[in-house]
Structures are given as C-alpha cells and as structure tokens.
Amino acid sequence: MQTFLQQVINGLSLGSIYALLALGYTMVYGIIKLINFAHGDIYMIGAFWGYYVINTYHVDFFVALLSSMVVTAGLGMLIEFLAYRPLRHSPRITALITAIGVSYFLENGMSFLFGANTRDFPQAVAQRNYQVAGITVSNIQVLILVTAVILMVGLQLIVQKTKMGTAMRAVAVDPEAAALVGIDPNHVISFTFGLGSALAGAGGVLIGLYYNSIDPLMGMTPGIKAFVAAVVGGIGSIPGAAIGGFLIGLLETGVQAIGLSAYKDAAVYVVLIVILVILPSGLLGKNVKEKV
Amino acid sequence: MPLLTVTGLSKRFGGLDAVADIDMHVDEGELVALIGPNGAGKTTLFNLLTGVTPPTSGTITLDVAGQSVSLIGKPPYQVAKMGLARTFQNIRLFARLTVRENIQAAMTHRYTENFFAQILRLPAYYRKEQLVATWTDALLTAFDLTDVADLDADNLPYGTQRRVEIARAVATQPKIIFLDEPAAGMNPEETAALTALIRRLRSEFHLTVVLIEHDMSLVMNLAERIYVLEHGKLIATGTPAAIQQDEAVIAAYLGGGVHA
C-alpha cells in the first residue's frame, strides 16, 4: 500500500509535467489542427534557459520559471510566424512535416551551439524529503505539482474568462466565421502558440529541477509522451490534456514500480494504440465529424 | 455618395465566370435584396464583398466619413472591422460557446484592451467590460435571446440559431449587414417574425441591409431595391414592382421554373 501511494506521488509529479506539455499540443491542435512536433523542443529550450539564468545570474527558482515562460512564449510565437504562418493555407501534412523539421532544427541547433553533452541542472531549490506515513515526498515534488496546478487553473481562466480566450474558442470552432466578426485569426493563433509554449517552458524548468540533468535531445521522448497524453485526453480538449498527462505519468511510474522499467516507454505507446483503436476521440474529446 | 460602391467586379474560378462585371451600389439605410436562380453567383458575390474570396478584377469601395476606402485585398477581419457583417446560408455559430459568448466574441475587436490589463484587472478593463456587458444584454433583449443566453449555441432550435447569428453580426457594430438566405428552412410564422426582425435592424440599429433570399414574398415585402443575378451577371435592377414586370427577369428566373 505504501509502495502504491509512493508511486502515485511520483506519478503525479511526472504527470504534471506531461500535462503542461500536453496542454500546448492540444491548444495548438484545437486551433489550427496542427500537431506541433517541435513542442517538446520548446520544453528543452525552457530547461536550457533555466539552466543558463540560474548558473549565470544566480536567480532563484521563480525568476527562472517566469523568465523561461516569457522566453519560450516569444520563441513559440516566432516559430509560428516564421515556419507555420506561411503554410496556413497549405495542406495539413505540409505543416506537419515542417513541424518535424523545426524540431530537428532546434535539437541540432542547440547541440551545435552549446554541445550535445548532458549537463547538471543547478539545484535552485535545495531538496528536502519529508516522511509522511511511510511515504517519501520531496519539496520539489510538491513544488512541481503546485506550480503545474496553478498554471493549469490560470490557463483555464484565460481560456474561459478573457476575451482572448473567447476568441480562441471561436477560432477553434470556425476560423472563417471568426474572421468575419472581426477577430484576427493570426493574432489569436500567435497568442495560442505563446500560451502553449510558456507552459512547455515552465515544464522544462520543472523537469530540470526534478531530474537534475538536461541535454538538447531531452524534449523528444517527453514530447511524444505528452502528445500521447493529449490524444488520450481527447485532442483539442484542455481538461482532457491535463487528465491525459496525469494518467500517462501514473502509468509510467506504475510500470517502473512493477519492475518493467525497460518497457515504460513501450507501455505509453501501447496506450496510444489502444486509445486510437477503441476510443479515437479520447476520454473527453468530442467526436466531431469532418466538415466537407 | 453611396455607402458601398461596386464596379466591374468579377470572379473567375478556372474557366467559369462565377461573377462577371458587376456594378452595384448600396445607399445608407437601404434595404436591398439580391435574387437569382440557384448557382447564379449570389453567395460568391457576398464572399467577394466581405473579403472571404479575393476578386479577379473590379473595385469595392466603402464610404467612411466621406472618404471612399477600397476593400480590395483586405482580409475578412479588417473588412468586418470596417463595418461589413454577414450571416451564412448554412448557420455557422461558434458551437460549444454559449449564446452570450457568441455575441461577445463578435465584440472582441471593438473592445480590445491590453492583455495585461485583462489579467491584472486594471480599471480600464472594468470600464470596457461594463460596456461589453451592457451591449450584450441589450442585444440579448432585442433579439429575444435572454432566456437562452447561457446555453450552448449548437443546442438551440433552428429559428433561434438564426437569431443568434444575426445578433452576432449586429454585435460587430456594422454599417451594412449581409444576410445570406435568412429565411431558408423556416416555416411561415418564423418567416413573418424574421421579416419583422429585419425591419428592426434598420429602424432600431440603423443598419443598411443587403439580403439574398429565395422567398419571394419576403423579398417583395421587404426590399426597396432588388438586384437580379443570373449566371454571374446582373440582368436587372429596380424596385420590387419593376422587377416583377421585368421581361428578362420573368424569362430567366420566374419563367425558368421558380426556385423555392
């Protein structure tokens, strides 16, 4: 029982990071029907930014987190502007392949500029472990979970309560009708990329703190897992992405706990296959028929 | 100067002249109808006027405080900001948004404030938010939508969805509203209510109305001036009485089998 609860705690910490990433996938997909495969690399850049500012300027964790969110938001908007906007009226596959290209560009660009070696993420918050009823909980785990939940609640408020959020939802339903009521779709899409990328940047700093090591290819696997999380939750659904992220995190730690560490990635992909076969629209996804 | 002036407007899709060499104008406060058999190019013309499709050639100018401003090459959201709003033949509401949110989405461009003013809830935010709330409530009342304001738009009956769509177009605070077959699929009572509503668009909201409609009783009853389109060309223009007598119209349209 204790082992089980211990794994739930670990799974929630990891899952909250997947959830932050999955939100970016799902928002971008919801609005322009693009799987942004470069999203995991934004998370990597976020982690590197955190590494850089903590080591160079000795800022504390919150400054690193917030500045990383600002930087990745800007980067996400820049990528959208340079790489995806010119392809807005191209077939979806074109934009998808471009996203894969952007992903390789960021990974190899970072390797080229800063080297491909793994480095230690600075301990901006000293780790302390607490024993609660026989379970070990570290302050970093609590910090990750709390930060992630605050960001998700904030996102939900932006999407549901602000005019920009209303505009985002309107563009997601019908971009052309939204334009005809005076909403600039490019503005909304840019904002969506900024918002999603900021969450990925936050996830990058949090994972750096949790795993203590970062490298230019660190975004690949979590990126794909977060994509699976978004699909599990129902791609396009914001609450779905959050739930999917936590589920994938729990699954992964669960598989490790029963001694199948080598298969933890495989387990996630099996879930993707199963979901695509039996519940293609995901847990909370709407089964929307393609418009002709 | 007319409010909207169109000269030599053409749209060619491949080898097909969907709309050819249209000259038309709409005066301020007018109620103009655009009629013609199916496939005559009426919706294409609306798409050209609202910036959805770029024309092959021709000009569209809008009178903005005495200056003629060209609408050619402007993206739809700018055309909407300049005061042209529309509804669609097949209703296109923002499904999964409530009626209130549908209307508020259409006000976004009028009441934009700094994103940080929204997040930080600065006083400027509250002033604008108050305006949006007042204007939304006024529209909900005017279009008899108060009872359904917080329901998802896609769950409403057809006639109500039409009203939401018109209210959403009015929410952009347009000068001209283009209605694409507003009475399509409506029963006689709903059509009568719609006719009254369109009159109110002009009397209460001071809008200029251009509508496409196949329901001839509605057109003859409402319109002050009619343009008749066939095979992408204007074949007649005039008052309802004149159009009913027009040889070309009778031959091309009414004589050629009345389209419901």
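## Close-up views of a predicted two-chain model

Figure 1. Domain 1 covers 1–83 + 174–260 and domain 2 covers 98–171 of chain B, with bounds from an automatic or database domain assignment. Taken over C-alpha atoms, the centres of the two domains of chain B are 27 Å apart.

A reading note for every view: this is a predicted model, in which local features need pLDDT of at least 70 and side-chain atom pairs count only at pLDDT 80 or more, while totals for chains, interfaces and linings use all residues. Residues are numbered from 1 along each chain as its sequence is written, and chains are lettered from A and ligands numbered from 1 in the order in which they are written.

**Figure 2. Where chain B touches chain A.** The contact joins 23 residues of chain B to 18 residues of chain A. On the chain B side, α2 (76–81), α3 (99–105) and α4 (115–119) each supply at least two residues. Which helix gives the largest share of that side? It is α2(B), with 4 residues. By class, the side of chain B that touches chain A has 11 nonpolar, 6 polar and 6 charged residues.

**Figure 3. The largest nonpolar core.** This core has 170 residues, and those with the most contacts inside it include Ala19(A), Leu20(A), Ile183(A) and Ile177(B). A nonpolar core is a set of buried Ala, Val, Leu, Ile, Met, Phe, Trp, Tyr and Cys residues joined through C-beta atoms within 7 Å. A residue is buried if 20 or more other C-beta atoms lie within 10 Å of its own, exposed if 12 or fewer, and partly exposed in between, again with C-beta atoms placed from the backbone. Do look at Ala19(A): beyond residues up to four places away in sequence, its partners include Ala148(A), Met152(A), Ala229(A) and Phe246(A).

Figure 4. In helix α6 (residues 163–173) of chain A, 11 of its 11 residues are buried; among them are Lys163(A) and Arg169(A). Helix α8 (residues 185–211) of chain A has 23 of its 27 residues buried. From its first C-alpha to its last, α8(A) reaches 38 Å, close to the 39 Å expected at 1.5 Å a residue (the expected span is 1.5 Å times one less than the number of residues). Asn212(A), which follows α8(A), has a positive phi near 65°.

Figure 5. Ile22(B) sits in strand β2 (residues 16–26) of chain B, and it counts as buried because it has 23 C-beta neighbours inside 10 Å. How far apart in space are Ile22(B) and Leu234(B)? Their C-alpha atoms are 6.4 Å apart, although 212 residues separate them in sequence. Leaving aside neighbours within four places in sequence, Ile22(B) is also in contact with Val6(B), Leu9(B) and Leu45(B). Leu45(B) is one of the buried residues of α1(B). Helix α1 (residues 42–49) of chain B is largely enclosed by the rest of the structure, because 6 of its 8 residues are buried. After α1(B) comes Gly51(B), whose phi is positive, near 85°.

**Figure 6. Two loop residues with positive phi.** Lys33(A), a residue other than glycine, has a phi near 55° and lies in the loop between α1 (2–32) and α2 (39–57) of chain A. With 14 other C-beta atoms within 10 Å, Lys33(A) is partly exposed. Gln173(B), also not a glycine, has a positive phi of about 55°; its loop runs between α6 (158–171) and β7 (176–180) of chain B. Gln173(B) is partly exposed, with 18 other C-beta atoms within 10 Å.

How values were computed:
Contact = placed C-beta atoms within 7 Å. Nonpolar A, V, L, I, M, F, W, Y, C, P; charged D, E, K, R; others polar.
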